[in-house]
Amino acid sequence: MNSQVEKQMQIAPIPGAGVDGSQEARPGVPMEKETPEPAGNAHWLTPQRMPDPGWIQKRAGLEELTPVFGTTVPPRGLSGLMRRAAYRIPEHFTSHWLVLLAADRVDVLEDRLKTILPFVVPLAAAGVYFGVRAQRRTWWRALLA
């Protein structure tokens, strides 16, 4: 450890203080490279573009889609309509992000409704059937009496 680093460590008792100082005083300088170099062996300069499925949303000022995008959850239902509306609003407006957050919440509600709907519809149909049946019996009894 050179004397300048020791001197700086004595001046700055907080660990990590002064890391933005001159390179001679930084403790990690011997391990750092002067210029960053590519680490991997990429076979391309720019990644190959994914085909556009037609429903990917992009921000208002973007000319074309980004080279890589997610396709696992396509927008659907009311939340999908809200997302399409949000992407028509420029990103620097708060309403863009608020509509996207609301669309996430609506998506959760849609999923929960989709989960309970197979149980609720038969119960509602049974309730209507037995309600109508009970009304008919009451109507016939009133007619005969």
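Visitor: Leaving aside its neighbours within four places in sequence, which residues is S79 in contact with?
Guide: Before I answer, keep in mind that this is a predicted model. Once neighbours within four places in sequence are left out, S79 is in contact with A103, V106, D107 and E110.

Visitor: And where is S79 found?
Guide: S79 is part of helix α2.

Visitor: Buried or exposed, that S79?
Guide: S79 counts as buried, because its relative accessibility is 2% and the cut-off for buried is under 20%.

Visitor: What does the side chain of S79 reach?
Guide: The backbone oxygen of R76, at 3.1 Å from the S79 side chain.

Visitor: Switching topic: what volume does the largest pocket have?
Guide: About 270 Å³ for the largest pocket. Two elements each give two or more residues to its lining: α2 (77–86) and α3 (94–144).

Visitor: How many residues line the largest pocket, and which lie nearest its centre?
Guide: The lining has 16 residues, with W55, Q57, V73, P75 and R83 nearest the centre.

Visitor: What does that lining have by class?
Guide: Eight nonpolar residues, five polar and three charged.

Visitor: Okay, rings now. How many aromatic pairs does the count come to?
Guide: One aromatic pair. Y129 and F130 form it, and the arrangement is edge-to-face.

Visitor: What are the centre to centre distance and the angle between the planes for Y129 and F130?
Guide: The ring centres of Y129 and F130 are 5.1 Å apart, with 70 degrees between the planes. That counts as edge-to-face because the cut-off is over 60 degrees.

Technical notes:
Residues are numbered from 1 along each chain as its sequence is written. This is a predicted model: local features need pLDDT of at least 70, side-chain atom pairs count only at pLDDT 80 or more; totals for chains, interfaces and linings use all residues. Side-chain values use heavy atoms; hydrogens and water are left out. On a 1 Å grid over the protein atoms alone, a cavity is a set of points where a 1.4 Å probe fits but cannot get out, and a pocket is an open set with protein on both sides within 12 Å along at least five of seven lines; lining residues have an atom within 4 Å of a point. Grid points are joined across faces, edges and corners, and a volume is the space filled by probe spheres set on the points. Helices (H or I, at least four residues) and strands (E, at least two) are DSSP runs, numbered from the N terminus. Ala, Val, Leu, Ile, Met, Phe, Trp, Tyr, Cys and Pro count as nonpolar, Asp, Glu, Lys and Arg as charged, and the others, Gly among them, as polar. Rings of Phe, Tyr and Trp (its six-membered ring) pair if their centres lie within 6.5 Å; planes under 30 degrees apart count as stacked, over 60 as edge-to-face and the rest as tilted. Buried means under 20% relative accessible area, exposed over 50%, partly exposed in between (1.4 Å probe, protein chains only). A polar contact is a pair of N or O atoms within 3.5 Å; within protein, one must be able to donate a hydrogen and the other to accept it, and residues adjacent in sequence count only if both atoms are side-chain atoms. Contact means heavy atoms within 4.5 Å.
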